[in-house]
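The exercises below go from the whole chain to a single element, and each is followed by a worked solution. Please look at the sequence and the model before reading on.

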Amino acid sequence: TMPVLSGAEALVRWIHPKLGMISPVDFIPLFESNGLIRRLDSYVWRTVAEQMRDWKDRLGFCVPVSVNVSRVDIFDYDLVDHMKRLVKEFDLSPDEFLLEITESAYTQDSEQIINTVKRLREAGFHIEIDDFGSGYSSLNMIATLPMDALKLDMEFMHNAFKERKNTKMLDAVIDIAYSLEVPTIAEGVETAEQMFALKAMGCDIVQGYYFSRPIPAAGFEKFLLERRGDRDGDDDQEKENR
């Protein structure tokens, strides 16, 4: 079957009036160290909620969108109420607003993080563990993490598909996710070969340049309109790929 749009991820870019486009690789660590990351995250969450509401109102349709939640955000006791207020304000369902938390966040102060994540899930939000394969989680720890999806790290993916292809670890992680009954999402998919190989391994959702480079919201609308057409034609079609 052909890939079907099942979601999107909100990414942030800094367009500076003098310096031009600044990569998140450069400014996210700075914002994490100077405390601005929480303000940036709040801005992104609100912008995404506004955009989702706009699409629902104008197009009558929107796919779930993933947003990043920094480790710093999780230590804000008001986070759960803040998220609940945000989706209520824009009349969204919490399960449309997917929250990505990096694997490395779980490995530090894990008890408090796990408690907060449990409260978010109880409020109806879906949690995706991001950058899985970049941290140092033990298999025992993975089994105890509250989550709704496992998102494979881009470098982990690229290493698996290098010239001397070795996808055994990738296969193993997908099997682990399957045993935990959570879907896997592969980031950084660039070729049809990778997409079909991942599908054969049982990976549920893929995203990457094979489908599209990061684009502004206005450019993403064409994908939503195509998906809406598919949806109108076959409401029962299974969601497979991002």
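**Exercise 1.** Work out what share of the contacts in the protein with a separation of 6 or more comes from residues 24 or more positions apart.

*Solution.* Taking a contact to mean heavy atoms within 4.5 Å, residues 24 or more positions apart account for 67% of the contacts with a separation of 6 or more. This is a predicted model, in which local features need pLDDT of at least 70 and side-chain atom pairs count only at pLDDT 80 or more, while totals for chains, interfaces and linings use all residues. Residues are numbered from 1 along each chain as its sequence is written, and side-chain values use heavy atoms, with hydrogens and water left out.

**Exercise 2.** Determine which residues of helix H9 are buried and which are exposed.

*Solution.* Next, with buried meaning under 20% relative accessible area and exposed over 50% (1.4 Å probe, protein chains only), the buried residues are Leu-170, Val-173, Ile-174 and Ala-177. Seen down the helix axis, these buried residues fall within an arc of 100° (taken from the directions from the axis to the C-beta atoms), so they line one face of H9. On the other side, Lys-168, Met-169, Tyr-178 and Ser-179 are exposed.

**Exercise 3.** Find the elements against which the buried residues of H9 pack.

*Solution.* The strands among these partners are E6 (127-132), E7 (149-152) and E8 (184-186), and the helices are H8 (154-160) and H10 (192-201).

Notes. Helices (H or I, at least four residues) and strands (E, at least two) are DSSP runs, numbered from the N terminus.
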